[in-house]
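Work through the exercises below with the sequence and the 3D structure at hand. Each task is followed by a solution in steps.

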Amino acid sequence: MSEEKKDLSAIGQEILYTARNRLYMNLPYLDAALCALDFQSGGGVTASLATNGDTLYYDGAFLAERYLRSENHVNRAYLHVILHCMLRHLAKKRGKAAELWDLACDAAVESILDSLDYPCLEDVVSPAKRKFYGECRQEMPVLTAEGIYRRLLKLDLEPYRVAQLQKLFLVDDHGLWDPEQKDQQEQSRQQDEKWQNMSEKTQTSMETVLADQATGGEAVLERLRVANRNDVDYRVFLRRFAAPREVLEVDGDAFDYVFYTYGLQLYGNMPLVEPPETREDKRIEDFVIAVDTSMSTSGELVRQFLACTYAILRSTETFTRKVNIRILQCDDQIRSDTVIRDLDELKTYMENFALCGGSATDFRPVFEYVDRLRKEGAFTALRGLVYFTDGMGFYPKKRPPYDAAFVLLEEPPLSFAMPPWAIRLVLDVPGLERAAQETAEEYGIELEELPQL
């Protein structure tokens with residue numbers, strides 16, 4: 001290595017140490033993450049930064065040029081790479097369209113940096129960036145790489161438009177993400193676990209002991225909550241609303257076959273005990289589905305939610321053949337109330353579904369309306385209400401006398417705090433589709449039987 005390259009390497013390393021210290025002084029809740037990468041010059045990286053989850057590779061000349069232009073540019077680039085790791089963008093790349101996933105990750109991280117209120121990260125946000133963020137927020141309350149990636153797939157942009165966006169958000173090199181060699185994949189998995197643990201600990205610290213020092217870092221906490229969210233099974237979740245009821249069916253578990261067969265042997269055709277003709281099972285009869293029809297809720301997403309719910313309702317082990325389902329559409333007032341008596345009616349309703357409303361979100365009218373229905377005797381054993389929404393609205397202050405679950409397809413902003421009594425479930429579109437598919441396969445439901453939305 002020439003003396004000049006040695007000097008640039010040492011200068012680059014010193015610049016990174018300076019950026020790390022500056023970030024630590026302003027964002028103490030990221031202390032462990034900021035120190036989690038070793039520094040190494042080269043590694044095939046030119047005019048950029050890159051990481052494999054363990055090491056931050058850098059080009060000294062690139063860092064020196066950026067530092068001379070603006071110290072904040074280096075601070076932002078360093079934190080850009082750290083956020084990729086904390087949000088586990090590296091391991092999640094597997095199986096995705098590489099070009100669009102890289103773009104989505106860069107856009108998601110830059111949206112965080114542009115939202116953080118710290119002098120060391122201050123920069124001019126271009127109108128093009130603001131426009132892109134605004135368009136994304138029309139479809140998702142919190143900008144995540146997964147949400148932006150789905151949007152890019154749906155838009156099917158021309159190559160020149162993708163190149164424009166890449167130029168707008170590009171900061172680091174993603175060439176070391178998701179190694180193809182099998183001997184490196186195990187190492188990649190271990191790195192992902194390391195960053196997941198670090199992200200969860202950081203989230204906990206921001207919500208507890210370091211809460212007073214995390215002011216200004218709400219954008220980081222929002223994204224960490226999404227990244228650390230556990231996968232959930234919507235089928236199991238929905239079935240928790242089942243209420244015990246008698247079913248006309250032999251209860252094998254409550255029947256003693258020893259006395260039955262002994263009686264037949266002793267008396268010929270007279271068993272000592274008869275099998276019970278009914279058994280207590282968990283079936284759902286009364287059920288309320290509330291749909292948020294405010295301007296922030298997409299009709300397409302509502303249809304996907306209803307299609308998945310229908311597939312689960314078709315499970316005869318969970319639901320009665322005759323049901324009493326009320327489907328309410330509401331924004332800041334009740335827009336429609338449809339009574340469903342059997343699953344064929346539900347399928348017809350979904351195939352002809354039309355979204356009503358489009359005003360602001362207020363959850364209180366739905367709960368007031370359901371309380372009135374209960375007093376009028378519209379339900380016999382109402383155990384729960386499932387509210388499909390973006391989570392942004394006015395909640396009742398008092399807990400209702402039944403379970404209330406809010407199903408969200410995106411993490412709501414921190415400014416909208418859900419009440420402690422609310423059951424909260426955050427899914428994504430692939431999760432809903434997977435639940436519908438698995439339920440259909442589990443119970444032998446042909447996909448053609450599901451509503452065509």
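**Exercise 1.** Which residue in β10 does Leu 408 stand opposite?

*Solution.* Leu 408 stands opposite Val 426 in β10. The model is predicted, so local features need pLDDT of at least 70 and side-chain atom pairs pLDDT 80 or more, while totals for chains, interfaces and linings use all residues. Residues are numbered from 1 along each chain as its sequence is written, and side-chain values use heavy atoms, without hydrogens and water.

**Exercise 2.** Describe the pairing and burial of strand β9 (residues 403–408).

*Solution.* 
1. Strands are DSSP runs of E with at least two residues, numbered from the N terminus; two of them pair if DSSP finds at least two bridges between them.
2. Strand β8 (residues 384–388) runs parallel to β9 and is joined to it by five bridges. Tyr 387 has Phe 406 of β9 as its bridge partner.
3. Four bridges join β9 to β10 (residues 423–426), also in parallel.

**Exercise 3.** How do the axes of helices α5 (residues 98–113) and α6 (residues 127–137) cross?

*Solution.* 
1. The axes, lines fitted to C-alpha atoms over the stretch in contact, come within 11 Å and cross at roughly 105°.
2. The helices are therefore roughly perpendicular (65 to 115 degrees).
3. Ala 107, Glu 110 and Ser 111 of α5 meet Lys 129, Phe 132 and Tyr 133 of α6 in the contact (heavy atoms within 4.5 Å).

Terms used. Axes are lines fitted to C-alpha atoms, for helices over the stretch in contact, and angles run from 0 to 180 degrees between N-to-C directions. Angles under 35 degrees count as roughly parallel, over 145 as roughly antiparallel, 65 to 115 as roughly perpendicular and the rest as oblique. Buried means under 20% relative accessible area, exposed over 50%, partly exposed in between (1.4 Å probe, protein chains only).
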